[in-house]
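Try each task before you read its solution.

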Amino acid sequence: MPEHRFPYDELPAEYYWRAAYSDPAQMHLDPQGASKFRFERDVRLTSAGSCFARRIASSLRRYGFDYVITEPGPAWLDESEREAYSYGAYSARWGDLFTPAHLQQLLLRALGRFSPLEDSWTGPKREIIDPFRPLIQPDGFASIAELHEDRSAHFAATLRAFEQSEVFIFTLGLTEAWVDVRDGAIFPVCPGRGRGTFDPSRVAFKNFDVNETIRALEDALALAWEINPRLRVILTV
């Protein structure tokens, strides 16, 4: 009988622990391996994701990369005020996006294809809070009209960020979320405790399984490529 080729034959060294990681000095390890693409400092970058993605955005700017910011904030705000109001934390003021489904939801809303039933929350001082960006405005909005105006500008800035970028970095953070049972809208925080009201008949805890996470990520990236077909993507965890 002919002998079939052993499946581990001719694999490169990084596939073997002893050859790639065990014997060499730890300080010389390069866990990157082969890369699908490389980019120079002048490539236009945008990023989103969990709180780790916020650090990536800060590091990219500090190291001199061309980080796209389409929502820089009003000119009269100083640097500390911009930081407090989440201007410049990401390319647009979308806040932390903890799950692929959250990214998918943002792009659907920016494209005008999804309008959640939950429009606004009320804070302890009767301020208006955006349920999907509850931490971007420390003192809330003065009115629902102001929230709607800011939201429209934000969606336009979101589309510009993806249109202008050449590389998009997304950091996968969590598998858990709080979901509106009426329409499946995803909240970045659980409503209640000063940000809206917790109502168990309207809000449920959701832990996305592997298939749901993969499907949401694929759908989100399909939307990103619809906005910008030339966009290259880097996923981090």
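**Exercise 1.** Is Cys190 buried, partly exposed or exposed?

*Solution.* Before starting, note that this is a predicted model, in which local features need pLDDT of at least 70 and side-chain atom pairs count only at pLDDT 80 or more, while totals for chains, interfaces and linings use all residues. Residues are numbered from 1 along each chain as its sequence is written, and side-chain values use heavy atoms, with hydrogens and water left out.

Step 1: recall the classes: buried is under 20% relative accessible area, exposed is over 50%, and partly exposed is in between (1.4 Å probe, protein chains only). Step 2: Cys190 has a relative accessibility of 30%, so the residue counts as partly exposed.

**Exercise 2.** Find out how many disulfides the structure holds, and explain the result for Cys190.

*Solution.* Step 1: a disulfide needs a pair of cysteine sulfur atoms within 2.5 Å. Step 2: the count is 0 disulfides. Step 3: for Cys51, the nearest cysteine sulfur is that of Cys190, 18 Å away. Seen from Cys190, the closest cysteine sulfur is in Cys51, and 18 Å is too far for a bond. Cys51 itself is partly exposed, at 40% relative accessible area.

**Exercise 3.** Which arginines form salt bridges with Glu118, and which parts of the chain do the pairs join?

*Solution.* Step 1: a salt bridge is a side-chain nitrogen of Lys or Arg within 4 Å of a carboxyl oxygen of Asp or Glu. By this rule there are 12 salt bridges.

Step 2: one partner of Glu118 is Arg182, with the closest N and O atoms 2.8 Å apart. Glu118 sits in the loop between helix H4 (100–110) and strand S3 (121–122), and Arg182 in the loop between strand S6 (176–180) and strand S7 (186–187), so this bridge ties together parts 64 residues apart in sequence. Helices (H or I, at least four residues) and strands (E, at least two) are DSSP runs, numbered from the N terminus.

Step 3: Glu118 also pairs with Arg202, at 2.7 Å between the closest N and O atoms. Here the loop between H4 and S3 is linked to the loop between S7 and strand S8 (203–207), and the two residues are 84 residues apart.

Step 4: compare accessibility. Glu118 is buried at 16%, Arg182 is partly exposed at 40%, and Arg202 is partly exposed at 32%.

**Exercise 4.** Which residues outside its sequence neighbourhood does Asp180 touch?

*Solution.* Step 1: Asp180 lies in strand S6 and is buried, with 2% relative accessible area. Step 2: contact means heavy atoms within 4.5 Å. Leaving out residues up to four places away in sequence, Asp180 touches Glu118, Ala185, Phe187 and Arg202.

**Exercise 5.** Describe how H4 and H5 meet, then locate the salt bridge between Arg151 and Asp119.

*Solution.* Step 1: the two axes, lines fitted to C-alpha atoms over the stretch in contact, come within 9 Å and cross at roughly 105°. With angles running from 0 to 180 degrees between N-to-C directions, 65 to 115 counts as roughly perpendicular, so H4 is roughly perpendicular to H5.

Step 1: among the contacting residues are Leu103 and Leu107 in H4, and Arg151 and Phe155 in H5.

Step 2: Arg151 bridges to Asp119 at 2.9 Å, N to O. Arg151 belongs to helix H5 (residues 144–164), while Asp119 is in the loop between H4 and S3, 32 residues apart. Arg151 is buried at 9%, whereas Asp119 is partly exposed at 28%.

Methods. Angles under 35 degrees count as roughly parallel, over 145 as roughly antiparallel, 65 to 115 as roughly perpendicular and the rest as oblique.
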